[in-house]
Amino acid sequence: MGLDERYDTLVNLCYECVLDAAAWKPLLERLAAATGYQMGALLFLDRHAQRPRVSSLNLCDPASVDAYNSYYHQYDPAKEMLVPRPVGSWYHDREDLAPQRIRRDPYYQEFHLPYGMNAISCIKLHEQEDAGTYLSLLTAVGAALPEPGHRALLTRLSPHLLRAAQLSERLQDLQREVARRDLLLDRHGSPVWLLNGEGRMLFCNREAEQRLGQPDYPLRLRQGRLHGQALDHRLQGLIRQAAGRDGKRRAGWLALGEGSPLQVLVTPVPEASALAAPHGGPLALVTVLDSRPRKALLAELFQLTPAELRLVELLVQGLSPEDCAERLQVSINTIRTQLRALFRKTDTRRQAELLQLLARLQGA
């Protein structure tokens, strides 16, 4: 395939990414192969925490992605070089960092080289107030460095990469607006807040806005973060738990005072949700429930199917899985499959743990 033909193919792939986010991975594969690299990834940066995160759209060893996201991101020298630069800027570590620093930097010696990574080139694709999107290409240890012709092809493709990222973000904004109106704003009578992993409010529904305006309401918004009037340390712990900052992401609840009919439910937002896509990190959904939440709200918080919700209703009545199968006129294997789905969606491991969670949410 000639240079112009490769260029045309890559440009077409850029604009396929606008309508299909899954096309970014084939684009990474073709782009890396055409420009002398062996690996690539899309990264998102939380500008408040200055924390970059490799997305699921990558061509890297999963172990290296886990190591970077959990630890080595904080030592990445690219942050200090690339973050202040404008959108469209390329960072090439072999040119932007002194060779002595690369040879001595623990980031390279303890992370890059052991995981088989060598030179890196990275472009800032998109930036907004609280987040940035980056595309990185890497060579493998032992592979030849990209040639001048490869660099020229990257430069030629850069405007199309930026335009595709800009259009993708605009389309996702529209999709998120629909998702917000559907899931959060006016559909439920219960107050709902969407928070990032640091507890900073991203969105809330109309009911939440009205409740926060009441002087005696047990929750307050301070400097953009949701706090409790009392038991705030426990509320912050639930938010950290739902965001996975202290381990595995789990849902939790908290009664707002002794004898209070109100409970706070804090649940993780699935990474695949349209609400999670732009924020580059885990999100938590906070809901204040009366003593008995609506079934529709419970189903949506945990993304339960109608069949799973019917099973939940029978389980909280004390029926065994075998009794549920007979009542619903399905096989026991179907019930077990639905139970496994309930465990996964509620972050529980056993039926007793699931029932305890459901009982608390039902005000039992």
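For sorting lining residues I counted Ala, Val, Leu, Ile, Met, Phe, Trp, Tyr, Cys and Pro as nonpolar, Asp, Glu, Lys and Arg as charged, and the others, Gly among them, as polar. By that rule the lining of the second largest pocket divides into six nonpolar, three polar and five charged residues.

The model is predicted, with local features needing pLDDT of at least 70 and side-chain atom pairs counting only at pLDDT 80 or more, while totals for chains, interfaces and linings use all residues. Residues are numbered from 1 along each chain as its sequence is written, and side-chain values use heavy atoms, with hydrogens and water left out.

**Confidence.** I looked up pLDDT, the predictor's confidence in each residue from 0 to 100, and found that the protein chain averages 84, with 86% of the residues at 70 or above. Helices (H or I, at least four residues) and strands (E, at least two) are DSSP runs numbered from the N terminus; the lowest mean, 63, belongs to helix H11 (residues 295-301), and the highest, 94, to helix H3 (residues 62-70). Where pLDDT is low, the predicted coordinates should not be read in detail.

**Pocket.** On a 1 Å grid over the protein atoms alone, a cavity is a set of points where a 1.4 Å probe fits but cannot get out, and a pocket is an open set with protein on both sides within 12 Å along at least five of seven lines; lining residues have an atom within 4 Å of a point.

Of its 23 lining residues, Leu-43, Tyr-68, Asp-76, Ile-120 and Ser-136 are closest to the centre, and the lining has 18 nonpolar, three polar and two charged residues.

**Helix pair.** With axes as lines fitted to C-alpha atoms over the stretch in contact, and angles running from 0 to 180 degrees between N-to-C directions, helix H1 (residues 3-19) and helix H2 (residues 24-34) come within 9 Å and cross at roughly 155 degrees. H1 is therefore roughly antiparallel to H2, a word kept for angles over 145 degrees.

Definitions and conventions:
Parallel < 35°, antiparallel > 145°, perpendicular 65-115°, else oblique.
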